[in-house]
Amino acid sequence: GSSLEPEDCSMEPPAVPEEEVPVTVAPGPVGCQLFGYVGIEAVLDQMKIKTMKTGFEFNIMVVGQSGLGKSTMVNTLFKSKVSRKSSQPGQEERIPKTVQLQSITHVIEEKGVKMKLTVTDTPGFGDQINNENCWDPIIKYINEQYERYLREEILITRKRKIPDTRVHGCVYFVPPTGHWLRPLDLEFMRRLSKIVNVVPVIAKADTLTLEERAEFKQRIQEDLKTHAISVYPQEDFDQDPEDRVLNDRIREKIPFAVVGADQEHQVNGKRVLGRKTKWGIIEVENPAHCEFPLLRDLLIRSHLQDLKDITHNVHYESYRVWRLNESNRP
């Protein structure tokens with residue numbers, strides 16, 4: 001027989017260059033069939049029980065001129081006296097010289113769920129003849145809450161649960177003029193929408209007819225789009241297709257035309273919240289009368305956790321990056 005060369009008698013296959021080696025990945029199943037009850041769904045119950053024990057925090061800010069019903073609207077949202085008006089204010093207290101921020105904290109409990117609610121009011125905003133830089137105290141307050149949370153977070157020994165005083169949502173009350181947005185409204189929302197979730201509403205919408213309300217809402221939407229003002233819910237943060245569809249419906253309704261009332265009236269044998277006039281009763285929770293139910297669903301029932309997530313992951317993260325970069329500069 002013929003003699004074999006040493007390299008030919010090797011039992012190993014010839015080497016293949018690394019770039020030519022085909023890489024195959026076995027497609028994994030989307031869902032795995034279980035042959036019995038494991039108890040994975042009990043995780044939801046565990047999270048629910050833990051949340052009910054510890055509770056959660058929600059901080060909301062209301063901004064607008066005096067007399068637009070900010071305190072009444074907050075009381076209507078939570079169906080309690082969470083924002084109280086000062087009793088018989090004097091002439092000096094009635095018109096503050098500057099924007100003064102007042103925060104009131106309550107613990108609300110419903111069906112075993114506790115929520116620490118903080119309402120921050122801004123009396124004096126837009127009430128002066130010269131309103132130049134009247135948004136500075138509000139921006140300073142919001143950044144101070146971010147700074148307070150950051151200081152607790154960067155400690156070597158941190159608390160298990162850092163107290164959260166950051167503003168999760170800012171409800172801005174637009175006067176029901178029926179015209180375009182004022183320069184003050186545009187400048188405020190342009191500056192504040194970069195650091196907090198801004199939800200604009202048309203205050204005391206019962207002073208406008210349905211036609212005036214629709215035209216005013218359309219003009220406000222055009223102003224926001226023209227000046228590139230992104231109010232909540234922001235289009236850039238829609239990741240899930242279902243959430244995008246829901247948020248698109250909400251964006252078509254913004255700004256909400258709302259009416260606040262903290263008194264009950266008898267309507268067809270039922271006690272309802274509303275405002276009594278000579279020609280009838282305006283029911284606050286009736287979608288045919290105003291869009292208050294849409295605002296309540298957005299702030300509490302459907303997007304409350306999303307407001308907190310965007311505050312933590314977007315607005316606070318932006319402040320944190322800027323703050324740490326400033327401290328690391330020589």
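Buried means under 20% relative accessible area, exposed means over 50%, and partly exposed lies in between (1.4 Å probe, protein chains only). At 0% relative accessibility, Cys 170 therefore counts as buried. This is a predicted model, in which local features need pLDDT of at least 70, side-chain atom pairs count only at pLDDT 80 or more, and totals for chains, interfaces and linings use all residues. Residues are numbered from 1 along each chain as its sequence is written, and side-chain values use heavy atoms, with hydrogens and water left out. Helices (H or I, at least four residues) and strands (E, at least two) are DSSP runs, numbered from the N terminus.

**Cysteines**

- Cys 134 is also a buried residue, because its relative accessibility is 8%.
- The structure has zero disulfides, a disulfide being counted when a pair of cysteine sulfur atoms lies within 2.5 Å.
- A disulfide is a covalent bond between the sulfur atoms of two cysteines.

**The sheet**

- Six strands form an open sheet with mixed pairing, in the order β2-β3-β1-β4-β5-β6.
- Its edge strands, β2 (102-110) and β6, each pair on one side only; two strands pair if DSSP finds at least two bridges between them.
- Strand β1 (residues 56-63) runs parallel to strand β3 (residues 113-121), and seven bridges link the two.
- Opposite Glu 57 stands Lys 116 in β3.

**Helix α6**

- Helix α6 covers residues 210-226, and at 1.5 Å a residue its 17 residues should span 24 Å, which agrees with the 24 Å between its end C-alpha atoms. The expected span is 1.5 Å times one less than the number of residues.
- Arg 213, Phe 216, Lys 217, Ile 220, Asp 223 and Leu 224 are the buried residues of α6. They lie on the same side of α6, because they cover an arc of only 125° around the axis. The arc is that of the directions from the helix axis to the C-beta atoms.
- On the face turned away from this buried side, α6 carries the exposed residues Glu 211, Lys 225 and Thr 226.
- The packing partners of the buried residues of α6 are β4 (169-174), α5 (183-192), β5 (198-202), α7 (241-253) and β6 (256-257).
- Ala 228, which follows α6, has a positive phi near 55°.

**Thr 76**

- Thr 76 belongs to helix α2 (residues 70-78) and counts as buried because its relative accessibility is 1%.
- Its side chain reaches the backbone oxygen of Thr 72 at 2.6 Å. A polar contact is a pair of N or O atoms within 3.5 Å; within protein, one must be able to donate a hydrogen and the other to accept it, and residues adjacent in sequence count only if both atoms are side-chain atoms.
- Leaving aside residues up to four places away in sequence, Thr 76 touches Gly 260, Ala 261, Asp 262, Leu 273, Val 284 and Phe 292. Contact here means heavy atoms within 4.5 Å.

**Backbone exceptions in loops**

- Most residues other than glycine have a negative phi, and most peptide bonds are trans.
- A cis peptide bond, with omega about 0°, joins Tyr 232 and Pro 233; Pro 233 is in the loop between α6 and α7.
- Ile 254 and Pro 255 are also joined by a cis peptide bond with omega about 0°, and Pro 255 is in the loop between α7 and β6.
- Lys 111 has a positive phi near 55° and lies in the loop between β2 and β3. Its relative accessibility is 80%, so Lys 111 counts as exposed.
- Lys 204, in the loop between β5 and α6, has a positive phi near 50°. With a relative accessible area of 34%, Lys 204 is partly exposed.
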